[in-house]
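Here are a few exercises on how two parts of one chain meet.

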Amino acid sequence: MTILDIKNVSIDFPTSGGIVHAVSDFTMSVPQGRRIGFIGESGSGKTTTALAAMRMLASPGFVANGEIHLNSLGQTNVLNLNDEEMRRVRLKKISYIPQGAMNSLNPIMRVEDQIWDGIIAHEGHVEKVELQRRSDAVLESVGLPKTVGQLYPHELSGGMKQRVCIAIGVCLEPDLIVADEPTSALDVITQRQVMQTLRDVQAKIGAGLILIGHDMGLMAQSVDDLAVMKLGHLVEFGTVKQIIENPQHEYTKQLISSVPLVGGESFIESSPEIMRGAPGPLLQFDNVTKRYGSVTALHPLSFSLDGEVPKIISVVGQSGSGKSTMGSLMLGFNPPTEGTVTFRGKDINRMSAGEALDFRKDVQAVFQDPYACFNPFYRVDHALKFPFKKFGLAKSEAHTQSAMEEACVAVGLDPALVLRRYPHQLSGGQRQRLIVARALMLSPKLLIADEPVSMVDASLRATILKNIHDLKDKYGISILYITHDLATAYHVSDYVMVLYHGRVVEAGPPKEVIGDPQHPYTQLLIDSIPWPDLNRDWGSAEQGQKGLEALQGNAAVNQTVFRGEVPGFELRVGA
Amino acid sequence: MGRIPMDYLLNRLVTLFLTVWIAATLIWIIPRLSPVDPAEIMLGRMAAGAGTVANADEILATLRARFGLDDPLLVQYVKYIRNVVVFDFGLSTASFPTEVSALIARALPWTLGLMLISITITFFIGNLLGALMVWERSPKLVRVAIPAAMVFTSIPPILSALLLMWVFSAQLRWFPLTGAYGLFVEPGWTWAFAQSVIYHGFLPALSIVVVTFGFWALGMRGLMITVQGEDYTTLAKAKGLRPRYILYKYMIRNAILPQITAFALKIGLLIAGQVLVERIFAYNGMGKLLYDAILDQDFPVIQGVSYVIILMTALSVFIVDLIYPLIDPRIRHGD
């Protein structure tokens, strides 16, 4: 039985530069209990289409054409309902599970109040005891203890918040659930648990599910049918098996091939000649420990990275594993509680003003969020010029200009197109490449890249990582790549450290550590990756939970498994 | 949330005490940096009143001794601090020999009444209007009318007060021109007196509201725009909650938090801001007292009024610190 019919829908956004056709002539039916994935890059119209069914398009967008029918409302077109009728459809008939679970809950209301207000808005007065019973039941159905109801959102982890959002979305047993990238902010282990939970409760209440996303692997493991969207057009639709095993459209093929796989074909081309740096240790950790109050973010760790042959060292782990703490220790943003961090033999937390300036020039950083890295009031060339001049590298205006252009070309951007623009006029991928270009202009010796591609589209990730990899080969820059994405770490790095609760639990060359993990935590991480391969089962949420629980009670887990060495990098764990 | 931990309370109390102490010290130091001799001013005033003064030097010396101006500075300071603790600011030089504390005690209720009523009204009106400027369901009229009304915010309070007086008192004769209560009403806890006070207080309060609501409205507008873009507001809509419920419980409730801190800081500033309004309406409050004291170079009164302003600001910040965790669960005492 069909629950939702979208017929010939077109959605327009009037802008100052003319009308943008966000979605053109989109037709699709969602049968009861079926899971449908909408996949595409940002701007493909996948979220816009789903939101149109809830009449929640961001202003000034509007449905220019077409009809949307919700079976349980009879033959009424959803688009013709008045505001009050539409309000009653939301949550009761179609519920929405948002992308940004981090901020999707009202910070000043308890979790249960936010479940109750939804029930009351649709059912009127309900006895307190009944509300309590229903919120407890729905929290339990998403695998949360009922005590969570009494807590405020800031007291929950990201995974728990996302489960609360699922609980809200299913509490009235709607016909259809729209889940907009519900796991994109979560690490792989939590992602698997949350996704399994969503599938279980959806199957239990028999609702249809529209899952919006950009991750082919996640889709393969989560949905029945897949709709591939590009620039507002539905380019391919079919069962997930047909699409993944036998894609018809060129764009679908491209989407599937752009997913980096562990053990798959490498997207990196190494240069025949690698530029060399000065010999001698570049960055050293000497018994570095970091504690925040009673919490140890990083257990004693020593390593020495030689600067002669540039290398990419990856640091992988879940959120909260201490990998970003490591990054900020390397950048000197945060002094270690014990031990020293030295760059070219000098303690970075005890440098003179002049030495500190050299250190800032030699060690550059690329962060996760390309949107937050630019001052919105200046054109982007300002961000490139400023450090170049500030560090005294500019000989003349013409020299600055040519350096900027050269750096843009090095990261695959056309300088004439991007340099005179404002940040908001560029895409996330373009901005992130400009950040890499900016770092490159200063001829650094070391680049700290903290999740540099986790916020850009899948098809661009490979390109940006290629750019970063080129910095190593062509410019002799050593790189620390901090990420939760094991597949990319597998391809780009020379050496991998797996962090768990502030400890390096497994370390060695990526072919060994990620290709054939030995430590139970690394194994769990690898098992949690959703593969775009239907013959490979993702496993169940319980398995993941059991795996984590087994780790927590096991003292042997803290033993580091060394999987081999690479010349120029020495690692020592423990005091 | 919950009970306030003892160490947090102590910490806040110490901060409160230090703030007031440092401020009291500054109030004491600043007039002593001035070349003006208060004893000479008093003598000058006597001379102006009587024509001539015999034994001028003798009187000057007596006055200095009487005011303790001959003592070493440290002794003066210790005496001052001891007196300030019990709100003893000495005698006014302009209305000699009235005690400053008596002058303040007379003026303070008027100002507190006028000020608390007007800033509370302003706070509610300003924030509500600011919120309505952003709310997508506000009537069009509201969205056009509020920015137009903001024009008043750019008018200095003196002008707006004069304008209101001209319209409502001189032309329409709806409200009295001056005073805090009618000439023929006996002060006391009577309904007639209360009526008279409200009647007289209306225009001064209105002139304060008119010029200050824009501050809150503009601030609230900015905060509301941020909250409107938050994911929780989107989810609230997707939950099919009623629009008014979303406005109050999701939007205003979150946007108002920084405004409450600003409110506490404004309380002290408002006495100062009220000076001219009280002067124009001949309203016998702290503002007018301060205004007259500055004209008369009446240092003890200036000191006393300044001290009360600081004490009020510090106290309101202290109170907000204590209640903040009740209104924002993310803030916890002692963290």
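**Exercise 1.** Count the salt bridges across the interface of domain 1 of chain A and domain 2 of chain A.

*Solution.* Start with the rule: a side-chain nitrogen of Lys or Arg must lie within 4 Å of a carboxyl oxygen of Asp or Glu. Apply it across the interface of the two domains in this predicted model, and you get 0 salt bridges.

Residues are numbered from 1 along each chain as its sequence is written, chains are lettered from A and ligands numbered from 1 in the order in which they are written, and side-chain values use heavy atoms, leaving out hydrogens and water.

**Exercise 2.** Work out how much area is buried between domain 1 and domain 2 of chain A.

*Solution.* Take the accessible area (1.4 Å probe) that the two parts lose on being put together, summed over both. That comes to about 2,200 Å², with carbon and sulfur atoms giving 57%. Now look at domain 1's share: A:Ile189, A:Arg192 and A:Gln221 supply 33% of what domain 1 buries against domain 2, more than any other three residues.

**Exercise 3.** How many residues are in contact on each side?

*Solution.* Using heavy atoms within 4.5 Å as contact, 23 residues of domain 1 of chain A touch 29 residues of domain 2 of chain A.

Definitions and conventions
Predicted model: local features only at pLDDT ≥ 70, side-chain atom pairs only at ≥ 80, totals over all residues.
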